[in-house]
Amino acid sequence: MKNYNYKSHWNEKYQTTQDEDLGWFEDSPEKTMQLIEKCRLSKDAIILNVGVGTTTLIDELLKEGYTNILANDLSDVALEKLQNRIKEQYNYDLKCIADDLTNPSELFQLKDIDLWIDRAVLHFFLKEEEQKAYFDLVRKTVSKNGFVLIAVFSLE
């Protein structure tokens, strides 16, 4: 699928499907929050959630008092929905970055990320060059003593 437009695909998915009807939707990301707690981060730690979609994880981070959260997704539509919900419910201006993890422009400028969270993306990168680009970005942006939390659906 060399010329497949993933951005259009995900934008359409988020335009035409209610969040609760998405196969990956979860009401409460408690397992992820338990792992985050083990990192013992300061409340002003820089947290980057990649492939964020419209996750409720951002809500939980805000409820726990985290104040420096960045959200990334390829879909502008998902980010806009997320940003609007977070602004309305928490009066928080969530910084959203619409960027491709395998060919980043804005993400590549980030540095000193204390926690990289990926619960949705890495398993889509099947080609070696995509995986290399992904991990190069992780190495460049995550701080020396930072944490990386990755969840995948397939070990292959």
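Author: Happy to! Read along the sequence, the chain runs α-α-β-α-β-α-β-β-α-β, which comes to five helices and five strands. Helices (H or I, at least four residues) and strands (E, at least two) are DSSP runs, numbered from the N terminus. This is a predicted model, in which local features need pLDDT of at least 70 and side-chain atom pairs count only at pLDDT 80 or more, while totals for chains, interfaces and linings use all residues. Residues are numbered from 1 along each chain as its sequence is written, and side-chain values use heavy atoms, with hydrogens and water left out.

Now to your loop. Asp-44 sits between helix H2 (30-38) and strand E1 (47-50). The side chain of Asp-44 makes a polar contact of 2.6 Å with the side chain of Ser-42. (A polar contact is a pair of N or O atoms within 3.5 Å; within protein, one must be able to donate a hydrogen and the other to accept it, and residues adjacent in sequence count only if both atoms are side-chain atoms.) Setting aside neighbours within four places in sequence, Asp-44 is in contact (heavy atoms within 4.5 Å) with Thr-67 and Asn-68. Asp-44 and Ile-69 are 25 residues apart in sequence, and their C-alpha atoms are 8.6 Å apart in space.

Ala-45 lies in the loop between H2 and E1 too. Ala-45 counts as buried because its relative accessibility is 4%; buried means under 20% relative accessible area, exposed over 50%, and partly exposed in between (1.4 Å probe, protein chains only). Leaving out neighbours within four places in sequence, Ala-45 is in contact with Asn-68 and Asp-114.

Let's step back into helix H2, where we find Thr-32. Thr-32 is buried, because its relative accessible area is 10%. The side chains of Thr-32 and Arg-119 make a polar contact at 2.9 Å. Beyond four places in sequence, Thr-32 is in contact with Leu-57, Arg-119 and Leu-149.

What about the nonpolar core? A nonpolar core is a set of buried Ala, Val, Leu, Ile, Met, Phe, Trp, Tyr and Cys residues joined through side-chain atoms within 4.5 Å. The largest one has 22 residues, and Ile-36, Leu-41, Ile-58, Leu-61, Ile-69, Leu-94 and Leu-115 touch the most other members. Two or more residues come from each of H2, helix H3 (57-63), strand E2 (69-73), helix H4 (76-90) and strand E4 (113-118). H3 gives the most, with four residues. Not counting residues up to four places away in sequence, Ile-58 touches Asn-49, Val-52, Ile-69, Leu-82, Ile-86 and Leu-94. Apart from this core lies another, of 16 residues, including Ile-97, Leu-101, Leu-110 and Phe-125. In soluble globular proteins, nonpolar side chains tend to be buried together.

Finally, some context from the whole chain. Of its 156 residues, 42% count as buried. Among contacts between residues at least 6 apart in sequence, 68% join residues at least 24 apart.
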